[in-house]
Amino acid sequence: MVDIVPAVTARKHTAHLTWEVLLTVILAGSLALGRLLSSVFLQTDNLSNILLDITEISLMALPMTFIIVTGEIDLSVASVLGASSALMGVLWHMGLPMPLVMVLVVVGGAMAGALNGWLVVRLELPSLAVTIGTLALFRGIAYVLLGDQAVADFPASYTAFGMNTLGATFIPQPFAIVIVGAALFGIVLHATPFGRSLYAIGANSSAARFSGIDVGKAKLRLFVLSGLVSAIAGIIFTLRFTSARGDNGEGFELAVIAAVLFGGVSIFGGRGSLYGVLLSLLIVGVLRNALTLVDVSSETLTIVTGLLLLSSVLIPNLVAGWRARRDKRLVAARR
Amino acid sequence: MIIRANTMDQETPPAAPAISTWLAQLGKRRETALFVVLIALVACTGIARPQFLNLQNLRDVLLNVAIVGLLTAGMTVVMLMRHIDLSIGSVVGVSAYGVGCLYVAFPHLPVPVALMAAVAIGLAAGSINGALVAIGRVPSLVATLSTLYIFRGADYAWVNGGQINASSLPDAFSKLATGTAFGIPTLVLIAVLVLACLGVYLKSFRGGREHYAIGSNPEAARLAGIHVERRVMVGFLISGAIAGLAGGLWLARFGTVDASTAKGIELQVVAAAVVGSVAINGGAGTILGATLGALVLGVINIALVVLQISPFWQQAIQGALIVAAVTTDTLLARSLAKRMMRKRDHG
């Protein structure tokens with residue numbers, strides 16, 4: 001297995017490096033655009049805001065990258081975020097101490113992920129269909145738990161976490177979790193046998209099975225991980241806005257998936273890097289912030305997300321098609 | 001109109017054990033099973049709350065389901081080919097607002113012209129989706145997720161905080177939802193007509209059968225001489241046109257339209273299709289099944305209201321239903337396939 005996996009991915013790696021270089025250029029361009037559009041853009045408060053705004057989406061994008069690399073998908077992440085938020089409010093109102101509430105919420109998220117994983121792995125159901133179902137199910141549970149109420153009386157010592165920055169830097173405290181998480185996930189994905197096996201699974205699931213990888217177990221772990229991380233994102237979201245609500249984070253799943261795909265991860269699995277995904281998250285955050293500063297409404301901004309996502313797949317496809325036609329012409333001319 | 005999936009449509013051996021025969025029958029006649037579930041739902045709710053079964057309530061159910069049912073049928077055509085169209089909610093939004101704007105500009109526009117304009121808006125959106133998938137080779141999930149964002153963003157930019165009110169619509173247009181023919185709302189009749197045409201197209205026309213062939217095995221379909229790209233394009237055009245029409249009908253039904261119209265309806269529609277036994281992996285499903293799926297979900301929603309169950313349960317129940325439907329469908333199809341393999345091996 002150790003021999004096969006690098007061979008499978010080695011050639012694709014070079015193609016990816018170029019995508020990441022392109023993303024870096026786009027990020028630099030977006031920063032420059034932001035500076036051009038508004039003078040407050042580069043102020044530390046605004047930079048903090050950019051990072052704060054992408055905190056939850058970035059967290060959920062980490063396990064989502066793993067899942068999409070194996071060729072599966074998890075549409076239920078935002079609903080797990082909402083259900084976790086609602087559960088947090090309910091448990092806090094029951095008078096449990098905050099640390100226990102957080103532990104229980106994270107366990108709940110892991111259980112939600114385990115349900116997804118069990119349905120996908122043990123019953124071998126398509127993850128797209130399963131997680132469309134659990135998207136509605138978990139969001140429904142969030143509404144059942146809290147209705148249209150909001151719980152907002154969390155202790156100030158905890159909600160301050162959502163507003164403070166890390167020491168004297170502009171990095172908000174919640175984003176520190178993203179940085180630690182990104183480092184951990186990056187090492188696991190790119191430098192451990194488990195991480196490399198995910199590429200093998202995504203490239204060819206049966207070949208991976210025949211080379212001794214426990215495909216089911218790996219996928220089950222990923223779905224549990226996704227639920228767990230989404231629950232953490234739910235806790236952060238709740239503390240950040242000091243509000244536990246059933247509809248928290250509605251629609252985030254599409255933003256998460258869009259960021260992962262724009263980061264160069266193939267929807268068919270087997271390709272992509274965490275570095276690309278992180279760049280893509282930053283680009284989306286910077287562009288949204290810059291355009292918001294010049295009063296483009298946030299709903300209109302979804303056009304930018306859509307165009308980025310589309311171009312990330314369409315442009316490489318068109319280039320490949322153009323190259324294929326050119327090669328064919330060259331071959332024909334040589335005859 | 002009995003329409004059945006083209007796959008797994010074989011006679012069961014008479015010697016098979018009773019329970020698995022029954023299961024197999026159920027698996028093959030999913031429409032029948034759905035119909036039984038639907039009748040049971042209506043009957044149980046009717047017994048618990050007799051006032052549920054009045055004409056006004058049933059008319060409301062039909063009006064609510066007609067639009068989702070239409071969209072589900074369009075989604076079915078796309079899902080049959082192993083594709084998905086997530087952009088329909090945004091297309092409904094754009095089309096509803098577009099027709100509203102037409103009426104603001106030309107208050108005396110005849111109703112058929114307005115509906116044709118709605119379809120045209122939908123066709124334009126569908127052609128973009130189709131071109132991206134068939135020519136640009138973008139996976140449909142990515143392409144239509146992008147256009148979901150782009151169309152909705154364009155809608156927000158266009159609407160710019162405004163809205164269309166029922167007062168700007170002529171009576172003739174609102175009559176689509178309030179007027180009746182033979183006691184059935186006109187809007188429902190339009191939906192049934194479109195559904196019937198689509199059902200016949202998928203069942204009996206060469207083009208319709210090609211949608212199934214592509215979903216069952218795209219490579220085999222290509223080798224059999226099917227123009228896969230052209231058919232995929234047609235599928236997205238159908239889905240787009242129906243979403244456009246649904247937008248026009250939405251405006252007639254609700255009168256008030258702003259930029260968030262029909263937001264998120266795509267998941268409800270995929271849910272209805274999945275409950276209606278349209279396979280998410282393509283190749284299997286019927287318009288009748290999809291419509292029954294939409295009806296079952298619609299009746300459950302109204303039954304919850306009538307039974308005075310908190311509306312907050314609605315989504316949880318819908319989610320549990322989708323998971324249950326996907327599970328039973330896949331397991332049934334798998335056991336059926338296993339039996340057919342055995343039958344083949346042992347004569």
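Where in chain A is the place of A:Thr242? In this predicted model, where local features need pLDDT of at least 70, side-chain atom pairs count only at pLDDT 80 or more, and totals for chains, interfaces and linings use all residues, A:Thr242 lies in the loop between helix H11 (215-241) and strand S2 (244-245) of chain A. Residues are numbered from 1 along each chain as its sequence is written, while chains are lettered from A and ligands numbered from 1 in the order in which they are written. Helices (H or I, at least four residues) and strands (E, at least two) are DSSP runs, numbered from the N terminus. The phi angle of A:Thr242 is near 45°, a positive value in a residue other than glycine. A:Thr242 has 17 C-beta neighbours inside 10 Å and therefore counts as partly exposed; a residue is buried if 20 or more other C-beta atoms, placed from the backbone, lie within 10 Å of its own, exposed if 12 or fewer, and partly exposed in between.

Chain A contains 14 helices and two strands. Its radius of gyration, taken over C-alpha atoms, is 21 Å, close to the 20 Å that the globule rule (2.2 Å times the number of residues to the power 0.38) gives for 335 residues, so chain A is as compact as a globular protein of that length. Of these 335 residues, 49% count as buried.

In chain B, a positive phi, near 70°, is found at B:Ser277, again a residue other than glycine. B:Ser277 belongs to the loop between helix H12 (265-275) and helix H13 (287-306) of chain B. With 26 C-beta neighbours inside 10 Å, B:Ser277 counts as buried.

Helix H12 of chain B also packs against helix H4 (residues 88-105) of chain B, at an angle of about 125° and with the axes 7 Å apart. Axes are lines fitted to C-alpha atoms, for helices over the stretch in contact, and angles run from 0 to 180 degrees between N-to-C directions. H4(B) is therefore oblique to H12(B), the class left over when angles under 35 degrees count as roughly parallel, over 145 as roughly antiparallel and 65 to 115 as roughly perpendicular. B:Ile88, B:Gly89 and B:Val92 in H4(B) meet B:Ile265, B:Glu266 and B:Val269 in H12(B).

Between the chains, 38 residues of chain B are in contact (C-beta atoms, placed from the backbone, within 7 Å) with 39 residues of chain A. H6(B) gives the most to this side of chain B, with 13 residues.

How values were computed: Contact = placed C-beta atoms within 7 Å.
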